[in-house]
Amino acid sequence: MQQTEPGTDAPDRLRPVASRVDERELRLLHDLSAAAREMHRSLSLDDVLRVATERAREIVGATQAVTSQTTDQDWANAVTAVSVADGVVPPPPTLLPPNGPEVHKEVCRTNRPMRLSQVEVAGQAESSRARSKARLLQAWMAAPLVGSDGRNLGLIQLARVEEGEFTAGDEAILVQLAGMASVAIENARLYEAAIDVRTQLAWAAHIERVRAAELRAVIEAMGEAVLVCDASGRVSIVNPAAELLFGDRPVETYEDLLSRFVPPETRDLDPTAGPVELRMKDGRPDHWVELRVYPVPGVSRRPGEPEEDQGRIAVMRDVTAARRARAQREAFLGILSHELRTPITTIYAGSKVLAREEPLHSTTRHELAADISAEAERLFRLVEDLLVMTRVERGVLHLANEPILLQRVLAAAIRLEAAHWPTTRIQMTGPTDLPAIAGDATYVEQVIRNLLSNAAKYSPRETAVEVRLEDAGDDVEVRVLDRGRGFQSSESDDLFELFYRSPATAAQASGAGIGLFVCRRLINAMGGRIWARPRPGGGAEFGFALKRYTNPD
């Protein structure tokens, strides 16, 4: 029995002890409050685990603390934090995650704390064959980390080496710390998930911006006209080709776009079903555009419902030249078949007659031979023009650059054409001492013969065709003049187009509409110029000019 001093009573003697207890409780409450604030300020899961582990060891007074946190009991990928008291060399790893000894798993399975004395720790070590690793431990306890939904998040383990066993009060403190840590862990998870979502949204927005920029760049670079309409039909993107196509009247809506074309007569206008060729309402009767519309699919509001269109992309390609080329090709095949059939028929029939065994009158035989020769010449000329036209179109026409005396080439060409057109007088006028011009003699002769044949073909019988040579400074000019029906001055350029034939003379003589086209291509390729003019008083003038020859050395 303890002794008391005189003049003192029992309450006075107990007051210092109560004061010490109050101070310890206040300090504990302060430490727990500070730990809670520090954990909840930590937004990183690693920081929360570190703070919870260190504060649990410090507040309870343990040698070592380990906090293990996992998701859906995936302990292979658990996040673990370790704290060891200063100056203490940690023993071999004895605090294991719950996939180790049964005692650890029991804490997480039941979500209840557990406290072991030195004797119990030794028993656990004996059962797990880890006596050498657990020999230094005096006590061990653990508290589960439990989420708001009751699922286990992990556990906090504490161990003492020499400080003695843990008390029920120590266990209560650890349980309280584990509860605070559980809330902080869930908050950190939510924050990291929010950061991940925000990062993913930002990345998705960035990807969308990049894709939108790439799409706009592709649309801007396309040679075809492109209009992008939103779900309401308003035009949102117009590329430069579309701006050029519609000029000063920009398209505002999808309906406005369709109104710019003449609707087809045979069927309803539905450019989403496939490309359709339409004539534009821009004052040019031969301006055609191929229109194709691609719907932009959206997302259906309810399962099973069809997707709603979020807009349309209209792609337009000018097919005026393609339609003209197609028409020319069809006309070319028709004309060519006619132009080839006539001479071939004459040659074939004449040769059959000449091959008969029955004797023919000399006059008949001579006429047949002359017809065969004339048609063979016509066929040869046509084939030569076709070859030149094909080479020009393919870009494989190779011309020589040699000095040519036009007066000599003209004289030879006139002799050949005069024999072919005996009822037409072809005469050459002008100086005979002209300088040489630069060109290809074979093709120059082909141009001259085409012009002479043209003039003789459309001139009245027993009339003259004049071939006039002139010195024009740096050029030498050749003019072929006739007194045929002529043509309108507005046709001067059209006469050199492929397959074009003047309405004034088309019925007068057959032709393919190729010769003048070939003449212009050949003269242009040799660096010259060619023209056609109606003559005052009737008739036509076809002429060309070539540069004087200069020695390349």
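**A guided reading of the fold**

In this predicted model, strand 15 (residues 464–472) and strand 16 (residues 475–482) are paired in the antiparallel sense, and 7 bridges join them. Within this pairing, Arg468 has Arg479 of strand 16 as its bridge partner.

These two strands belong to an open sheet of 5 strands, whose order is 13-15-16-18-17 and whose pairing is mixed. The edges of the sheet are formed by strand 13 (425–429) and strand 17 (529–534); each has a single partner strand, so one side of each is left without a neighbour in the sheet. On average, and with direction ignored, neighbouring strands of this sheet are turned by 15° against each other. In general, the strands of a sheet pair through backbone hydrogen bonds, in either a parallel or an antiparallel way.

Two helices accompany this sheet. Helix 11 (residues 406–420) packs on the sheet and touches strand 13, strand 15 and strand 16; the direction of helix 11 makes about 170° with that of strand 13. Helix 12 (residues 441–458) lies across strand 13, strand 15, strand 16 and strand 18 (540–547), and runs at about 170° to strand 18.

Helix 12 also packs with another helix. How is such a packing described? Two packed helices are characterised by the angle between their axes and by the distance between those axes. For helix 10 (residues 362–394) and helix 12, the angle is about 125° and the axes are 12 Å apart. The two helices, helix 10 and helix 12, are therefore oblique to each other, and their crossing is left-handed. On the side of helix 10, the contact is made by Glu377, Arg381, Glu384, Asp385, Val388 and Arg391, while helix 12 contributes Tyr443, Gln446, Arg449, Asn450 and Ser453. The residues of this contact divide into 2 nonpolar, 3 polar and 6 charged.

A further open sheet is also made of 5 strands, in the order 2-1-5-4-3, with antiparallel pairing. Strand 2 (79–84) and strand 3 stand at its edges, and because each has a single partner strand, one side of each is left without a neighbour in the sheet. From one strand to the next, the twist averages 10°. Strand 3 and strand 4 (residues 139–146) pair in the antiparallel sense over 3 bridges, and Leu116 stands opposite Trp140 in strand 4. Helix 2 (residues 45–60) lies across strand 1 (64–69), strand 2, strand 4 and strand 5 (152–160), running at about 35° to strand 2.

Most residues other than glycine have a negative phi. Asn111, although not a glycine, has a positive phi of about 55°. Asn111 is placed in the loop between helix 3 (102–110) and strand 3 (114–116), and is partly exposed, with a relative accessible area of 22%. Glu462, likewise not a glycine, has a positive phi of about 60°. Glu462 lies in the loop between helix 12 and strand 15; with a relative accessible area of 52%, Glu462 is exposed.

The protein has 13 helices and 18 strands. Of its 553 residues, 38% count as buried. Among the contacts with a separation of 6 or more, 61% are accounted for by residues 24 or more positions apart.

Note on methods: Residues are numbered from 1 along each chain as its sequence is written. This is a predicted model: local features need pLDDT of at least 70, side-chain atom pairs count only at pLDDT 80 or more; totals for chains, interfaces and linings use all residues. Side-chain values use heavy atoms; hydrogens and water are left out. Two strands pair if DSSP finds at least two bridges between them. Helices (H or I, at least four residues) and strands (E, at least two) are DSSP runs, numbered from the N terminus. Axes are lines fitted to C-alpha atoms, for helices over the stretch in contact, and angles run from 0 to 180 degrees between N-to-C directions. Contact means heavy atoms within 4.5 Å. Buried means under 20% relative accessible area, exposed over 50%, partly exposed in between (1.4 Å probe, protein chains only). Angles under 35 degrees count as roughly parallel, over 145 as roughly antiparallel, 65 to 115 as roughly perpendicular and the rest as oblique. A crossing is left-handed if the near helix is turned anticlockwise from the far one by less than a right angle, and right-handed if clockwise. Ala, Val, Leu, Ile, Met, Phe, Trp, Tyr, Cys and Pro count as nonpolar, Asp, Glu, Lys and Arg as charged, and the others, Gly among them, as polar.
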